[in-house]
Amino acid sequence: MEKSQEIKPFILHILQEVDEEIGKGRLEGITLNVAGNSRLMAIERVTGEDFGILCRLLKNNPYINGLDVRYNLLSDIGACYAAKLLQKQHNLTYLNLMFNDIGPEGGEVIAKALHKDTTLKHLRMTGNKIENKGGMYFAAMLQINSSLEKLDLGDCDLGMQSVIAFATVLTQNHTIKGLNLNRPILYGEQEESTVHLGHMLKENQWLVELHMCKHDIKNGGMKQLCDALYLNRSLRYLDVSCNKITQDGMVCLADVLRSNTTLEVIDLSFNRMENAGAKYLSDTLASHNRTLKALSVVSNNIEGEGLVALSQSMKTNPTLSNIYIWGNKFDEATCVAYSDLIHMGRLKPDNTDVEPFVVDGRVYLAEVSNGLKRHYYWIPGYGAACSQSSNAGFTLVPVGQHL
């Protein structure tokens with residue numbers, strides 16, 4: 001009323017629900033969910049000015065420690081309000097601003113607000129085009145901030161300069177446990193980002209989760225990462241999906257997995273390992289590695305021979321519990337092998353993305369909506385928003401309370 005603005009029924013409804021929670025005696029751990037992509041209710045996207053009013057309501061509220069405003073229309077105006085909220089609300093541990101049209105200026109304001117913040121542990125900026133300029137401000141912030149544990153800057157149009165800056169800063173920062181640098185805008189074929197991040201992994205013994213999707217990593221870059229993983233003793237979740245890694249890169253990874261005792265989740269989806277690469281991995285998993293829990297080889301141009309080899313490795317490896325294989329070339333032997341694993345109880349139905357069925361006496365595999373991070377971008381229309389079977393990577397290596 002002070003601002004003479006129309007009341008949004010969607011926001012009012014959510015605030016009333018929070019009041020009910022508080023009325024029932026829940027006085028902490030409440031996450032205010034104002035996501036603009038919910039399919040379960042009629043929504044009206046929140047603008048920067050709407051968010052300003054929301055921030056005024058929240059700045060003195062001790063019960064709310066999480067705020068999710070993904071897929072709205074906050075823009076740089078909303079980013080300024082978010083920065084003020086971070087400075088005044090000292091209970092906020094989780095802030096999700098993904099896909100909100102925030103640009104480099106908005107990124108700068110938020111990064112500077114985090115210089116003095118001591119409570120926020122998890123920030124998602126996914127999909128906001130803060131570009132190289134905004135990325136540099138976030139890298140500078142990590143030199144000062146000592147509370148942030150998980151930072152997601154995927155799809156933010158970061159440049160090579162800012163990726164190098166993050167790699168440099170993380171040789172000194174001891175608090176960041178999870179970092180997402182997916183899809184930077186890179187030019188050239190030198191795989192510089194992999195060189196610098198590999199050097200960081202040699203020095204950094206605190207990072208637990210690293211996402212490097214769409215970094216244009218080829219076999220040379222994979223070798224750089226693997227050389228670092230021989231020395232790293234903290235990384236548990238490595239995501240190098242959507243790159244250009246082939247069987248030669250798998251030789252390096254298989255060799256690392258013979259001695260590495262910390263990696264628990266590896267996402268190799270949407271590369272091109274083919275049968276030879278799958279065999280290298282399966283040999284190591286069958287005879288040497290006993291720490292890897294989840295492996296995704298979705299859409300890797302693997303045929304029956306390679307897929308069967310991976311299934312055989314699960315029979316001798318008691319630790320590998322999750323495997324995701326959809327998008328490869330299934331033959332009858334593959335279908336029978338994975339059907340047997342499921343029916344004998346070695347592979348739980350929730351821990352893979354295929355389900356066997358029989359037609360005219362022949363076994364086939366159907367796709368199931370399970371994976372390492374199925375709900376990274378979107379909220380499902382039914383069921384739990386962060387179910388364990390659909391987001392197994394987060395379940396197995398939980399860094400923070402949210403995906």
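In strand β13, Glu367 is the bridge partner of Val354. This is a predicted model, in which local features need pLDDT of at least 70 and side-chain atom pairs count only at pLDDT 80 or more, while totals for chains, interfaces and linings use all residues. Residues are numbered from 1 along each chain as its sequence is written, and side-chain values use heavy atoms, with hydrogens and water left out.

Strands β12 (residues 354-359) and β13 (residues 362-367) run antiparallel and are joined by six bridges; two strands pair if DSSP finds at least two bridges between them, and helices (H or I, at least four residues) and strands (E, at least two) are DSSP runs, numbered from the N terminus. Two residues lie between the strands of this hairpin, where Asp360 takes a positive phi near 50°.

Helix α3 (residues 75-88) has 14 residues, which at 1.5 Å a residue should span 20 Å, and its end C-alpha atoms are 20 Å apart, which agrees; the expected span is 1.5 Å times one less than the number of residues. In α3, the residues Gly78, Ala79, Ala82, Ala83, Leu85 and Leu86 are buried, a term that means under 20% relative accessible area, with exposed over 50% and partly exposed in between (1.4 Å probe, protein chains only).

With a disulfide defined as a pair of cysteine sulfur atoms within 2.5 Å, the count comes to zero. Cys213 is in no disulfide, and the nearest cysteine sulfur, that of Cys242, is 5.2 Å away.

| Buried cysteine | Relative accessible area |
|---|---|
| Cys213 | 5% |
| Cys335 | 5% |
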